[in-house]
Amino acid sequence: MTLSITTPILLFPAISLILLAYTAKFAHLANLTRNLNKQYTVDETAGLLHQIKNLRERIYLIKNMQMFGTGSFCLCIISIFMLFNNWILAGQISFWLSTIAMMVALYFSLKEIWLSTDALKVVVNEVYKR
């Protein structure tokens with residue numbers, strides 16, 4: 001199969017939107033962490049502590065999502081440059097590495113979603129206890 005220069009170019013909007021979503025998630029979690037930390041200084045409940053620990057893990061995952069997403073974007077650009085200069089094999093390798101990096105970022109995203117649902121379970125369980 002031949003890889004043309006348009007193939008990596010098609011990934012640009014998708015990668016950009018994913019990175020934008022990851023950044024929005026990070027900003028939201030940063031605000032949530034600050035608010036929960038303030039609440040925890042007033043009311044040291046186990047549920048709040050569990051949520052703060054959960055947020056720490058989620059922020060770590062989002063950092064990795066952003067890192068691999070950005071790496072994917074850079075490798076995609078390198079792939080375009082190499083294909084433009086007719087370095088076909090190097091361009092193909094760079095494109096495949098870009099794809100693998102994006103798959104890793106999506107894996108971290110899936111793990112973060114899983115932790116997010118766990119955090120919601122803690123909140124729902126606290127409501128039912130009342």
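The expected span of a helix is 1.5 Å times one less than its number of residues. The legends below apply this to a predicted model.

**View 1. Helix H1, from end to end.** H1 has 37 residues. From its first C-alpha to its last, H1 reaches 56 Å. That is close to the 54 Å expected at 1.5 Å a residue. H1 also carries a kink of about 30 degrees at Phe12.

**View 2. The buried residues of H1.** Which residues of H1 are buried? They are Pro8, Ile15, Leu19, Tyr22, Leu29, Ala30 and Leu36. An α-helix has 3.6 residues a turn, so residues three or four places apart point the same way. Keep that rule in mind when tracing the buried positions.

**View 3. The largest nonpolar core.** This core has 16 residues. Ile15, Tyr22, Leu36 and Met65 have the most contacts inside it. Helices H1 (6-42), H2 (46-84) and H3 (88-129) each supply at least two residues of the core. Which helix gives the largest share? H2 does, with seven residues. In soluble globular proteins, nonpolar side chains tend to be buried together.

**View 4. The surroundings of Ile15.** Leave aside residues up to four places away in sequence. Ile15 then touches Gly69, Ser72, Phe73, Cys76 and Met102. Ile15 itself is one of the buried residues of H1.

**View 5. Two salt bridges that meet at Glu112.** A search of the whole structure finds two salt bridges. In one, the side chains of Lys25 and Glu112 meet, at 2.6 Å from N to O. Lys25 lies in helix H1 and Glu112 in helix H3, 87 residues apart. Glu112 also forms a salt bridge with Arg58, where the closest N and O atoms are 2.7 Å apart. This pair links helix H3 to helix H2, across 54 residues of the chain. Shared partners join Lys25, Arg58 and Glu112 into one network. Side chains of opposite charge can pair when their charged atoms come close.

**View 6. Asn86 in a loop.** Asn86 sits in the loop between H2 and H3. Its phi is near 60 degrees, a positive value in a residue other than glycine. Most residues other than glycine have a negative phi. Asn86 counts as exposed because its relative accessibility is 61%, and exposed means over 50%.

Technical notes. Residues are numbered from 1 along each chain as its sequence is written. This is a predicted model: local features need pLDDT of at least 70, side-chain atom pairs count only at pLDDT 80 or more; totals for chains, interfaces and linings use all residues. Side-chain values use heavy atoms; hydrogens and water are left out. A nonpolar core is a set of buried Ala, Val, Leu, Ile, Met, Phe, Trp, Tyr and Cys residues joined through side-chain atoms within 4.5 Å. Buried means under 20% relative accessible area, exposed over 50%, partly exposed in between (1.4 Å probe, protein chains only). Helices (H or I, at least four residues) and strands (E, at least two) are DSSP runs, numbered from the N terminus. Contact means heavy atoms within 4.5 Å. The bend at a residue is the angle between axes fitted to the seven residues ending there and the seven starting there. A salt bridge is a side-chain nitrogen of Lys or Arg within 4 Å of a carboxyl oxygen of Asp or Glu.
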